[in-house]
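Hi everyone, thanks for coming.

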Number of protein chains: 4
Amino acid sequence: MSGALGVAVLGAGHMGADHIRRIGGTVGGARVVAVADPDTARAEAAVAGRPGVRVHGDALAALDAPGVEAVLVASPEAAHEEALLAACARGLPALCEKPLTPGSASALRVVEAEARLGRRLIQVGFMRRYDAEYAALKSLLDSGRLGRPLMLHCRHRNVSSPPHFTSSMLISSSVSHEIDAARWLLGQEITAVTVLRPAPSSGAPEGLLDPQLVLFETSGGAVVDVEIFVNCGFGYEVRCEAVCEHGSAQVGDARAMVVRSAGGAREEVPQDYLVRFADAYDREVRAWVAAARRGRAEGPSAWDGYAAAVVAEAGGAALRDGRRTEVALERRPALYG
Amino acid sequence: MSGALGVAVLGAGHMGADHIRRIGGTVGGARVVAVADPDTARAEAAVAGRPGVRVHGDALAALDAPGVEAVLVASPEAAHEEALLAACARGLPALCEKPLTPGSASALRVVEAEARLGRRLIQVGFMRRYDAEYAALKSLLDSGRLGRPLMLHCRHRNVSSPPHFTSSMLISSSVSHEIDAARWLLGQEITAVTVLRPAPSSGAPEGLLDPQLVLFETSGGAVVDVEIFVNCGFGYEVRCEAVCEHGSAQVGDARAMVVRSAGGAREEVPQDYLVRFADAYDREVRAWVAAARRGRAEGPSAWDGYAAAVVAEAGGAALRDGRRTEVALERRPALYG
Amino acid sequence: MSGALGVAVLGAGHMGADHIRRIGGTVGGARVVAVADPDTARAEAAVAGRPGVRVHGDALAALDAPGVEAVLVASPEAAHEEALLAACARGLPALCEKPLTPGSASALRVVEAEARLGRRLIQVGFMRRYDAEYAALKSLLDSGRLGRPLMLHCRHRNVSSPPHFTSSMLISSSVSHEIDAARWLLGQEITAVTVLRPAPSSGAPEGLLDPQLVLFETSGGAVVDVEIFVNCGFGYEVRCEAVCEHGSAQVGDARAMVVRSAGGAREEVPQDYLVRFADAYDREVRAWVAAARRGRAEGPSAWDGYAAAVVAEAGGAALRDGRRTEVALERRPALYG
Amino acid sequence: MSGALGVAVLGAGHMGADHIRRIGGTVGGARVVAVADPDTARAEAAVAGRPGVRVHGDALAALDAPGVEAVLVASPEAAHEEALLAACARGLPALCEKPLTPGSASALRVVEAEARLGRRLIQVGFMRRYDAEYAALKSLLDSGRLGRPLMLHCRHRNVSSPPHFTSSMLISSSVSHEIDAARWLLGQEITAVTVLRPAPSSGAPEGLLDPQLVLFETSGGAVVDVEIFVNCGFGYEVRCEAVCEHGSAQVGDARAMVVRSAGGAREEVPQDYLVRFADAYDREVRAWVAAARRGRAEGPSAWDGYAAAVVAEAGGAALRDGRRTEVALERRPALYG
């Protein structure tokens with residue numbers, strides 16, 4: 001392909017608009033040619049100043065628009081399955097914001113459709129794999145210099161949770177990033193989940209079990225603990241320490257400017273994941289564009305999206321019952337190595 | 001009291017010798033007047049250059065030596081109960097290295113003896129309470145500025161474990177410090193214990209379950225996770241982050257000299273608790289001497305020693321059974337407020 | 001302009017090849033259409049895999065090649081003046097790697113040519129202005145929150161110097177970045193230079209005065225000290241602390257992954273400016289492309305390149321004579337505000 | 001000596017009272033037996049609760065009081081010479097707060113008196129040598145692991161200056177610590193001084209040249225730059241980076257507790273040197289007591305006090321004249337090695 005990749009973006013909300021800005025901005029080699037959103041006014045606003053981008057109320061119409069060579073799925077999760085199956089049917093590479101679909105059953109249907117196709121077209125938006133610090137950690141672990149990983153200690157904090165966020169969404173929506181990161185960093189599947197529930201913070205909405213301590217056991221005998229605290233009030237923080245046989249490695253304490261003034265020495269804490277992971281999103285979309293121009297997908301797969309869904313569902317059960325819950329995955333199709 | 005406090009030191013091993021050096025060295029207001037150790041040659045070596053210090057093979061003889069006004073118990077834990085009961089009987093203030101006694105039953109007997117006496121004579125050697133960073137953390141939590149504590153994340157790492165260290169000693173001997181620190185920092189009792197066991201490190205002796213992730217629930221609804229890793233190979237590290245409703249506070253990453261040279265920017269990690277907590281030991285003994293000169297004990301109490309023993313025993317059961325284990329304490333005598 | 005900006009790259013050495021890779025890679029909206037290098041084999045190698053890029057032995061021929069809409073000057077500095085005057089003559093926006101030209105006299109000729117033209121076409125490659133940390137520092141200083149800047153403490157270290165590097169090049173080639181950064185951060189001109197010369201490091205080539213401490217006074221009464229050490233042996237480090245009336249702000253200690261293993265806690269130090277400032281180069285070229293597509297130039301100007309040359313020449317004199325040397329700039333043309 | 005060292009403390013002001021508290025508190029092996037201050041009420045207040053300590057209005061009377069075996073000079077600097085000569089005459093070990101005396105001429109008289117005596121009795125209160133971080137830096141430099149030191153970058157900041165502080169006192173009173181630290185760390189004499197004067201901070205009292213950048217050249221070819229800023233407003237900060245042939249080492253960024261809350265991640269900056277160097281003062285006095293009990297003095301000598309005075313006077317001239325000023329020391333008596 002010599003020209004820019006023609007992309008249809010489904011969904012013009014927070015993430016969709018950010019991706020539209022990104023494609024043609026910090027990401028070259030691609031251009032947005034169609035945007036779909038039932039709220040077409042919102043879609044129009046997102047493409048303002050970009051002549052030639054067609055706005056659609058219907059996602060499938062956008063996929064069939066002229067010049068569409070790939071699709072970026074940023075619509076609500078309930079719409080993901082249909083969009084992904086349609087992309088597979090049309091042979092269009094797709095980047096799908098997480099979660100893959102709203103649950104493991106639908107995720108499995110997507111996996112099976114892609115497996116039948118026999119080649120990867122879908123990349124799931126687990127952008128941490130594209131963060132420079134996480135990539136350095138992955139590379140260090142893979143090098144074997146520190147020996148086998150024994151534990152991961154993870155912290156995941158948001159300033160505040162959106163309306164309608166439920167206790168199980170702390171796991172399915174937020175910890176899903178750690179589920180993927182742990183599976184990827186360790187190269188292992190998660191086999192059991194336990195959830196400890198401190199008395200909720202007074203800063204959390206009434207009824208929300210926030211924070212939680214989510215514990216994973218893995219197929220290789222590692223243990224992962226995740227603090228998830230979505231109303232911590234002070235910033236967006238994602239930290240991870242990998243404890244290995246011969247040392248530990250820690251990311252997420254990155255420091256930029258230190259300001260000393262009355263009251264102490266201070267570093268800013270980013271308030272938002274679009275700020276903290278801005279470069280990771282850029283790299284993610286850049287990598288997706290590069291692969292899509294070759295007609296394929298790389299990076300986090302539909303299988304990774306499915307596995308995250310199964311683990312999150314086990315986490316939901318563990319949260320409800322207060323018990324250790326085992327995780328049962330289907331057999332992994334050969335396509336996913 | 002106008003002269004220096006006359007101290008009998010029981011036990012002239014690693015800790016005992018360190019305390020002998022400390023009293024009269026960095027700690028003023030006290031002098032060692034008697035040392036007891038069945039290995040009298042070791043005791044003689046520990047007091048070399050200190051004319052006038054009497055060496056005994058028998059602990060009780062040392063307590064009865066002329067000029068003894070207080071006793072520092074650094075003998076093997078099996079000898080603690082007899083020494084502490086004897087100190088109570090003689091009205092001698094005692095500083096007892098942790099653990100108070102080898103188990104909760106004997107610890108309770110000491111508690112009951114002191115409670116019958118009706119005044120505190122015993123301080124247990126949980127020296128972290130005297131560490132400047134832990135003290136700052138305690139003070140911050142008590143101030144209420146960050147709201148109620150929700151979680152404590154603790155790391156406790158040793159270069160290597162001594163011979164004969166068993167899997168349950170990771171909890172009873174090492175994590176006992178976090179048990180006390182958590183109870184003290186939070187002002188709450190521990191109510192349940194769960195232990196997760198990663199596949200052991202190849203750096204640990206055959207058969208030793210090292211590392212472990214030990215999880216505590218507390219009477220106030222907080223959750224505490226402790227990584228204990230006694231063969232981490234690279235240093236002695238004790239870190240703690242308190243996650244509260246309005247912020248978090250972290251200690252134990254103290255940084256001194258940063259050296260930049262080929263290979264990166266490096267900070268030294270202390271190799272030993274006597275190095276890491278040297279100042280805390282000084283302050284601990286100084287505070288004990290000050291109280292003992294007034295004929296009393298302050299700081300960590302026999303009750304704290306008893307509670308730590310009960311929690312550690314529950315931890316041992318949790319480790320063995322792989323199950324959440326509840327903690328049942330006796331009624332706290334009025335003496336311990 | 002709706003298509004990608006057609007760029008001629010002059011020079012296919014280290015920087016030129018890096019920019020060729022960047023344009024069409026991490027930087028969208030532009031494409032390399034011509035490359036000039038007297039060593040055409042080197043130029044061919046730099047464009048391998050890019051069909052349609054024309055290679056020239058002669059710079060002016062490349063400027064006149066079809067489709068050229070802008071020019072990136074990465075040729076040896078002796079060739080800059082001719083290239084920039086030719087770009088001005090053709091109305092082509094130009095990004096010129098630093099230094100603008102080999103000296104202040106030639107730099108002034110470029111300034112005057114652009115001033116006669118009456119609009120800015122030239123951007124000089126002072127990429128620090130595009131570094132996220134420097135940008136945060138600039139923004140903080142401009143906000144006035146810390147009051148007036150009083151001092152800048154700068155460190156600039158390279159692993160080792162290239163062959164033929166001379167003592168005065170520590171200032172003209174390396175410190176030129178601090179000259180620009182100080183002028184930009186403070187919004188002031190440099191008025192005097194003093195250079196202190198420690199006994200050279202045994203790690204520096206025979207005869208090279210390395211390191212040096214270069215001191216600037218500014219028109220607003222600030223003082224800037226720069227450690228330049230081009231054979232420090234351990235890494236590429238650029239740090240800056242701005243000391244202001246109400247506080248200080250420090251950048252360049254950015255920390256990514258901390259690894260604890262035998263020997264201490266370690267952070268990697270980047271070895272190369274192309275690594276340390278990779279994102280800054282991306283942003284620099286992206287900003288240049290965006291402005292060039294509108295037919296103009298922004299960012300560091302030819303005047304900034306001229307001022308840096310004058311200050312560097314004063315620094316050379318100060319180094320030679322061991323004396324404080326005053327800086328005399330020509331009148332600034334209105335074009336440069 | 002078997003009992004506690006009997007100490008006369010001259011001066012019951014800020015430092016004197018702190019030392020009185022220290023002796024018998026954190027420092028054992030010594031007891032205050034006499035205190036002298038013209039303001040006897042202040043002296044009485046400083047020894048409240050210490051029965052048996054005699055208060056004198058006259059310093060020499062205190063030296064002659066019964067039980068006095070050593071003297072701690074914390075009186076105003078104008079009184080130091082007489083006190084030190086009297087201590088020498090009586091053979092009493094003395095710890096003298098800096099400066100040794102008000103100027104180099106009187107300092108030389110003290111040096112000569114001690115040299116005639118033929119043994120060291122005087123220790124000057126340059127307490128940084130007893131700070132754990134500075135000691136680690138000294139030890140690293142002496143090890144030769146980083147090669148020869150080339151530069152020291154020093155920062156010295158106070159929240160605010162006391163009344164009547166003059167521009168030259170920034171050097172003679174504050175930078176005197178860096179003068180001693182540089183001489184000690186490098187094992188070299190200072191040979192020349194240059195002072196750069198930024199436009200004063202609006203936070204400094206009218207007429208005070210604050211901050212200053214003070215530059216030293218040394219006999220071994222090293223260069224030392226010192227930012228002195230005594231009205232920085234935010235804290236007491238003392239930092240030092242030693243740049244060597246094979247790496248750099250940095251102290252003074254010590255970090256204790258990190259608090260994350262709205263606004264960022266924050267570390268406290270100490271507000272006062274008695275806080276920042278509390279442990280150093282303890283160690284200093286402890287080391288002095290230990291040597292004094294053997295009838296001698298170690299640590300920073302009268303010669304160090306004299307050299308600091310000469311360098312400070314050169315600094316004053318450099319500040320006044322705006323010129324590089326050479327430093328001329330007398331011949332060093334053999335007593336000072």
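Let's start with a cluster in chain A, where ring pairs link A:Tyr236, A:Tyr273 and A:Phe277. Rings of Phe, Tyr and Trp (its six-membered ring) pair if their centres lie within 6.5 Å, with planes under 30 degrees apart called stacked, over 60 edge-to-face and the rest tilted.

Quick housekeeping: this is a predicted model, where local features need pLDDT of at least 70 and side-chain atom pairs pLDDT 80 or more, while totals for chains, interfaces and linings use all residues. Residues are numbered from 1 along each chain as its sequence is written, chains are lettered from A and ligands numbered from 1 in the order written, and side-chain values use heavy atoms, without hydrogens or water.

Over all chains, the count is 16 aromatic pairs. Take A:Trp303 and A:Tyr306: the ring centres are 5.0 Å apart and the planes at 50°, so this pair is tilted. Both A:Trp303 and A:Tyr306 are buried, meaning under 20% relative accessible area, with exposed over 50% and partly exposed in between (1.4 Å probe, protein chains only).

Now for a charge over a ring, which requires NZ of Lys or CZ of Arg within 6 Å of the ring centre and within 35 degrees of the ring normal. In chain B, the charged end of B:Arg276 sits over the ring of B:Phe277, 4.2 Å from its centre. Over in chain D, D:Arg276 has its charged end over the ring of D:Phe277, 4.2 Å from the centre.
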